[in-house]
Structure formats: C-alpha cells, structure tokens
Amino acid sequence: MSKIRIGIIGVGLIGITHLKNYADIADAEVVAVCDINEQAARKVAGQFHIKDVYTDFREMLRRTDIDAVDVCLHNNFHAPVTNEALEAGKHVYCEKPIAGTYYDGNSMLEMAKACNKMLHIQLNTLYRKETKAAKALIEEGSLGKLYHARSTGFRRRGRPFVDGYGTKFFNRKDTAAGGALLDMGVYHIAQMLYLLDLPKVKSVSGKVYQEMDMDAARRAESGFDVEELGLGFIRFEGGVTLDLIEAWSIHMGGFEGSSLVGSKGGIRLPSYSSISQTSGLSFHTTIADMDLDSNVNLDDMELRWGRLKEDYDAYSSSQHHWIAALQGRVPLLPTAEIALQTMLISEGVYLSDRLGREVTLDEIITHSASTNVKL
C-alpha cells in the first residue's frame, strides 16, 4: 500500500515521542515538521532526517502532498489547529486530551464530519494487551451484565515541572485547562468507556484538590492553578456507574488498578503507577459454586492472536491503527467520541466541585465554554 505522508505540528516532548513511533511504522512517512521555535524544529528535523521545516502551520497546511497532520501542542491549542487542518483537507491525529473543554472538543468532531475527514485522538490504553483481553472477555459474555467500573491512576509525586520533569505549561489553566484528570485520567477513563461500549453520561459528582507541598520557586514560576487529585462518581443511562480517582501527587503507596464488574464476572487491570506502565490482568468469576481468581497470559495471547487474526498489527498502537485506518485496512476506532465523553466527565467533575453538588449532562454541556488559544 502507498505510504501515508504526515506533517507534525509541535516538536516538544510529545512531538518527538510521536516521531519515534512513526519511525517504527513502515507505511508512515513524516515529510515536514512545524514549530514556532525554528531552531528546535530544525534540530528535530535533522535528528529524524526530515527535509522540510515550517514555523507557520498554515503554510504547511497549504501543501497538497500531505495526507494527515499530527497535532502535538498543549491542550488549548488542539481545537483551533485541528479545525484549521480539517478545513484544509487534512486528516488529523491529535494528542490527548481532545481539547481543553467539551465545547471545543465537540467542535472538532463537527468539523471532521463536515469536512468528511478522519479525526483520531491518542488514547494508548485502548491498544494495550490487557484492554484487548478484557474486551474479548466482555464480548464473549464472560462478565454477564456490566454494571460498575472503577478508573484509577497513581503517581506519588509526579506533578509536571514542580516535581522535576515536563514543562510549566501543564500546570496552567490557560494552556492545559486542567491537571491530573486531563493529563493522566483521560487514559484510564477512556479505557473504561471503551470497555463499557461508550455509555451515555447521565450525571457527574466530583471533587478536585491541590493540597500537597511543592517547591515554592517552581510553584511561582509555573503559576500552578490546576488539580493534583481528581475524584468522581458518574451515573450512565441504563444504570451503569463509574467511580474514579486520579492522582498526580498523593501521600499513598499506590492504588489498585482499574476494574470492571458484571453479573457473571469481574476484571482487574494493572495499576498504572508513576510514569511506568505494567502489563497484567486478572479475571474473577464463580464456577461450579467455587470462586475463581485467574491470571491471563497476555504474551501468549498476543502471539497467538497476531498469527491468527487478520490485520491484528493494526491494533498494536495508536499510530499503527491510525495509519492502517487511513490506508483503509481497518475501520477507525471511535477515539474522538470516546475522548469527547472523557472530557465531558472531567468537566463534570470540575463543575460539580464548583457548585458543590451533582450535575446533569445538560448542565455540563450548557456550562462548557471555549478555552481555545487565539492563533
């Protein structure tokens, strides 16, 4: 199949990560990079042997030989850049979260539909071995009727910049819109929504915190005004519920991994602790009136399914899936829709915290407003 020609917008930490991933995909060809920091753009272009460098993304969008662009910017830049790229006739791969608010994220879905272009959001937990195993167990009926899920994410002290890594722009509402929920929570909430087959939100109750000490100089420099801990309880139509806890920083030794339970069985996923991620999944059920707790050999599962299932390589990572979908090999997973619902839940937590009560779907949508950075 013909290679997919890609332009990268933003060459920071995320942009470099995406470039490394594309380097492992034979059918992806990055032909241009763009960043307002020309020196950084040229350095990265040289590192990855990319010929063309831009400092104006609109100039890059005028090229007719680019199939898709990859938006690797801070959250409040996602919607304006993505929408212009879609209008310019490009398919768009965008880093998570979808945008800074539900309002802005929804504009991206509407623009993609209006322009008849694909929009894909980076949600890497959907392609992990344990997610594939959990999905197979659910679709086979091994869990029975699903009724509750739990989304967890843990760092002991892992707040960007103030705890020694990342940039200060993660810590400011004017660029990032939110903290732990939008940086980490998006992965774990999205994973649960995917396994629950994207149920419709009915109401959200939540609370956010920033209570732990941090380096005073870095606090001042970063303008830290987002949450380090987010908590929530979500009711979906049909009676399914979800509770969540997401910590950038907390005085605890760890959390149990996310989980999902049904009338016939339950699944526990691994604990995503700190920045590292470990593989593992346990399945819990009752057989012959005996309670059974079992572990799944995910490596053997991956090896077998890779040999037997058609186009299984198209689900080995978010970017592998993106390229395969653009080539028409597989249908694109509804990552934009999942990411939008994840944003709706996070924004519901923020609104519930401000109002001090549970909030409805309609209230969240009504209160949501644009936080786009004007370009």
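**Figure 1. The loop between H8 and strand S8 (201–209), with Leu-198, in the predicted model.** Leu-198 is found in this loop. The phi of Leu-198 is near 55°, a positive value in a residue other than glycine. Most residues other than glycine have a negative phi, and most peptide bonds are trans. With a relative accessibility of 29%, Leu-198 counts as partly exposed.

**Figure 2. The loop between strand S13 (282–287) and strand S14 (290–295), with Asp-289.** Asp-289 is not a glycine, although its phi is positive, at about 65°. The relative accessible area of Asp-289 is 74%, and the residue is therefore exposed, the cut-off being over 50%.

**Figure 3. The cis peptide bond from Lys-96 to Pro-97.** Omega of this bond is near -15°. Pro-97 has its place in the loop between S5 and H5.

**Figure 4. The packing of helix H6 (residues 129–140) and helix H8 (residues 180–195).** Two packed helices are described by the angle between their axes and the distance between the axes. For H6 and H8 the angle is about 25°, and the axes are 10 Å apart. The two helices are therefore roughly parallel to each other, and their crossing is right-handed. On the H6 side, the contact is made by Glu-130, Thr-131, Ala-134, Lys-135 and Ile-138. These residues meet Gln-191, Tyr-194 and Leu-195 in H8. By class, the residues of this contact divide into 4 nonpolar, 2 polar and 2 charged.

**Figure 5. The packing of helix H4 (residues 75–87) and helix H5 (residues 102–115).** The axes of H4 and H5 come within 9 Å and cross at roughly 5°. H4 is therefore roughly parallel to H5. From H4, the residues in the contact are His-78, Ala-79, Thr-82, Asn-83, Leu-86 and Glu-87. Their partners in H5 are Asp-104, Ser-107, Met-108, Met-111, Ala-112 and Cys-115. The contact of H4 with H5 comprises 6 nonpolar, 4 polar and 2 charged residues.

Figure 6. H11 is mostly covered, with 8 of its 9 residues buried. The buried residues are Ser-318, Gln-319, His-321, Trp-322, Ile-323, Ala-324, Ala-325 and Leu-326. They pack against helix H1 (13–22) and against several strands: S1 (4–9), S2 (28–34), S4 (68–71), S5 (91–94) and S6 (119–121). Gln-319 has a relative accessible area of 3% and is therefore buried, the cut-off being under 20%. Leaving out residues up to four places away in sequence, Gln-319 touches His-18, Asn-21, Tyr-22, Ile-25, Asp-70 and Tyr-93. H11 is followed by Gly-328, whose phi is positive, near 85°.

**Figure 7. Asp-243 in strand S10 (residues 241–247).** Asp-243 counts as buried, with a relative accessibility of 14%. The C-alpha atoms of Asp-243 and Ala-149 are 6.6 Å apart in space, although the two residues are separated by 94 residues in sequence. Apart from neighbours within four places in sequence, Asp-243 is in contact with His-148, Ala-149, Arg-150 and Ser-151, and also with Gly-232 and Phe-233.

**Figure 8. The largest nonpolar core and the contacts of Ile-267.** The core holds 77 residues, of which Ile-98, Ile-121, Phe-236, Leu-260, Ile-267 and Ile-345 touch the most other members. Helix H12 (residues 335–355) gives the most to this core, with 10 residues. Ile-267 touches Ala-134, Leu-137, Ile-138 and Leu-143, as well as Ser-258, Ser-259 and Leu-260. The contacts of Ile-267 also include Leu-281, Ser-282 and Phe-283, residues up to four places away in sequence not being counted. Two of the residues touched by Ile-267, Ala-134 and Ile-138, are also among the H6 residues that meet H8.

Technical notes: Residues are numbered from 1 along each chain as its sequence is written. This is a predicted model: local features need pLDDT of at least 70, side-chain atom pairs count only at pLDDT 80 or more; totals for chains, interfaces and linings use all residues. Side-chain values use heavy atoms; hydrogens and water are left out. A nonpolar core is a set of buried Ala, Val, Leu, Ile, Met, Phe, Trp, Tyr and Cys residues joined through side-chain atoms within 4.5 Å. Buried means under 20% relative accessible area, exposed over 50%, partly exposed in between (1.4 Å probe, protein chains only). Helices (H or I, at least four residues) and strands (E, at least two) are DSSP runs, numbered from the N terminus. Contact means heavy atoms within 4.5 Å. Axes are lines fitted to C-alpha atoms, for helices over the stretch in contact, and angles run from 0 to 180 degrees between N-to-C directions. Angles under 35 degrees count as roughly parallel, over 145 as roughly antiparallel, 65 to 115 as roughly perpendicular and the rest as oblique. A crossing is left-handed if the near helix is turned anticlockwise from the far one by less than a right angle, and right-handed if clockwise. Ala, Val, Leu, Ile, Met, Phe, Trp, Tyr, Cys and Pro count as nonpolar, Asp, Glu, Lys and Arg as charged, and the others, Gly among them, as polar.
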